[in-house]
Every structure is written in structure tokens, then in C-alpha cells.
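Here is a friendly briefing to read alongside the structure. Keep the 3D view open, and pick out the residues as they come up.

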Amino acid sequence: KILDTPDEMIRQIVPPVSEVQADYLAFAIARKHLAGSYAVWEEVRRSGLPDTVSLGYTYVDALTAANLTSEAVRVWDELLVDTGRSAAKPAGELCTNGDFEADLPNAGLDWRLGSDPSYKIQVDNLVAQHGSRSLRVTFDGNSTPDFVAVRETVPVEPGREYRFSGHIRTENITSDSGLRFEVA
């Protein structure tokens, strides 16, 4: 409460010790004090601490929840570089890992995969529309789940037009409506 922003805190009070700065960023995230927190993230990112990527994923989630979209995208793009996953978001694309060719961290602005006993989600290395992989969802056949377990947050700007395309292949689906994409 002494100073207004995390940026001021990191410059004036928090000691220049990587672990303490990471703890302070985690504190700022938990308290939703995100304005000015990017300077703290820069210091933590430079430190190369083992938990930096995990903290970065949490930071992206917090920025997204706070509608600080441009900051979330910037941190996400940095995390893609830091984890060697830059190719997961080709230039000009908004969706990360749209072809499932990269690993699935189940975090940040990448695919989020739910879990439930009524279905199994896995990467399929045998069937693909493009590249060498796809995502396979296998249902147990005993229940009809309201399946919304594969999702990705893709930040967009209001008042602009976007084009979405995707492919779904089904086999032995017996529901009345089948599977479909939902953009919300």
C-alpha cells in the first residue's frame, strides 16, 4: 500500500534478488495488482529461475482475466520463445498450435484440455489434416457429455473481422447434433 504500482515496488523496495522478485510477482498476481507488473515480469524472466515458465503461464492467465490483452499476448509470445515453441504460433496467426504439432502445455493462450471419465483426449500421430498430428477425442459410449473440454482463448480486437477455419472428423458419433466448433 506504500506505492501505487508493482513497477514502483520493484524499483524502490523489492531487493534485486531473483527469487524475491518472483515471489513479489506471484504476490501481485494473487492480489490482482497487475498495472505496471510487466517490469517485474521482465526481471523475473531475465533471471532464468526454474519456475519462471510456470509463473509466466499464471501471469498470462491473470492478464487475460483482467482484460489486459496486449500484455497477455506479449508475455505469451515471450514464453513461446523461451520454451522453444515459437513455431506454434506462425506469423500472422492468432491461434497458437492450431495444428497440434507442438507440445500441449495446457496453459496460457494454448489449448486447454479438460478431463472426465466419459472421454479421453490425446494427440494422434497417425491421422492429420495438415502436418503430422491431430487431436483425438474418444468417448466411452456410456454417456453423452456436454463436451466443451477442448478450448483455446484467442485474443482479438473488437470491431474487426476475423476468419476461422478448422476440421473435424467423426466416426461412430450418434448424437443428434454431432460435434461442432463454437466461437464465443
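What follows is a short tour, from the whole chain down to single residues.

The model is predicted. The protein has five helices and four strands, and from the N terminus on, its elements run α-α-α-α-α-β-β-β-β. Of its 184 residues, 29% are buried.

**Overall layout**

- Taken along the principal axes, the C-alpha atoms fill a box of roughly 60 × 35 × 35 Å.
- Looking at contacts between residues at least 6 apart in sequence, 44% join residues at least 24 apart.

**Helix α2 against helix α3**

- Two packed helices are described by the angle between their axes and the distance between the axes.
- Helix α2 covers residues 18-30 and helix α3 covers residues 38-47; their axes come within 9 Å and cross at roughly 135°.
- The two helices, α2 and α3, are therefore oblique to each other, and their crossing is left-handed.
- On the α2 side, the residues that meet α3 are Ser 18, Gln 21, Ala 22, Tyr 24 and Leu 25. Their partners in α3 are Val 40, Trp 41, Glu 43, Val 44 and Ser 47.
- Sorted by class, this contact of α2 with α3 has six nonpolar, three polar and one charged residues.

**Helix α2 against helix α4**

- The axes of α2 and α4 come within 10 Å and cross at roughly 25°.
- Angles under 35 degrees count as roughly parallel, so α2 is roughly parallel to α4.
- The crossing of α2 past α4 is left-handed.
- From α2, the contact uses Ala 22, Leu 25, Ala 26 and Ile 29, while α4 brings Leu 55, Thr 58, Tyr 59 and Ala 62.
- By class, the contact of α2 with α4 has seven nonpolar, one polar and no charged residues.

**Nonpolar cores**

- The largest nonpolar core has 26 residues, and those with the most contacts inside it are Leu 25, Tyr 59 and Val 75.
- Each of α2, α3, α4 (52-65) and α5 (69-82) supplies at least two residues of this core. Helix α4 gives the most, with six residues.
- A second, separate core has six residues, among them Phe 100, Trp 111, Ile 121 and Leu 135.

- Thr 52 sits in helix α4. Is Thr 52 buried or exposed? Its relative accessibility is 7%, so Thr 52 counts as buried.
- Leaving out residues up to four places away in sequence, Thr 52 touches Trp 41, Val 44, Arg 45 and Ser 47.
- Asn 97 lies in the loop between α5 and β1 (112-113). Asn 97 is buried, with a relative accessible area of 0%.
- Again not counting residues up to four places away in sequence, Asn 97 touches Arg 85, Ala 88, Ala 102, Asp 103, Leu 104, Asp 110 and Trp 111.
- Asn 97 and Glu 152 are 55 residues apart in sequence, and their C-alpha atoms are 9.7 Å apart in space.

**Positive phi in two loops**

- Most residues other than glycine have a negative phi.
- Asn 67, although not a glycine, has a positive phi of about 60°. Asn 67 is found in the loop between α4 and α5, and at 64% relative accessibility it counts as exposed.
- Phe 100 is not a glycine either, and has a positive phi of about 60°. Phe 100 is placed in the loop between α5 and β1.
- Why does Phe 100 count as buried? The relative accessibility of Phe 100 is 12%, and buried means under 20%. Phe 100 also belongs to the second, separate core described above.

Conventions:
Residues numbered from 1 in each chain as written. Predicted model: local features only at pLDDT ≥ 70, side-chain atom pairs only at ≥ 80, totals over all residues. Heavy atoms only, no water. Axes fitted to C-alpha atoms, helices over the stretch in contact; angles between N-to-C directions. Parallel < 35°, antiparallel > 145°, perpendicular 65-115°, else oblique. Left-handed = near helix turned anticlockwise from the far one by under 90°. Contact = heavy atoms within 4.5 Å. Nonpolar A, V, L, I, M, F, W, Y, C, P; charged D, E, K, R; others polar. Core = buried A, V, L, I, M, F, W, Y, C linked by side-chain atoms within 4.5 Å. Buried < 20%, exposed > 50% of the residue type's maximum accessible area, 1.4 Å probe, protein only.
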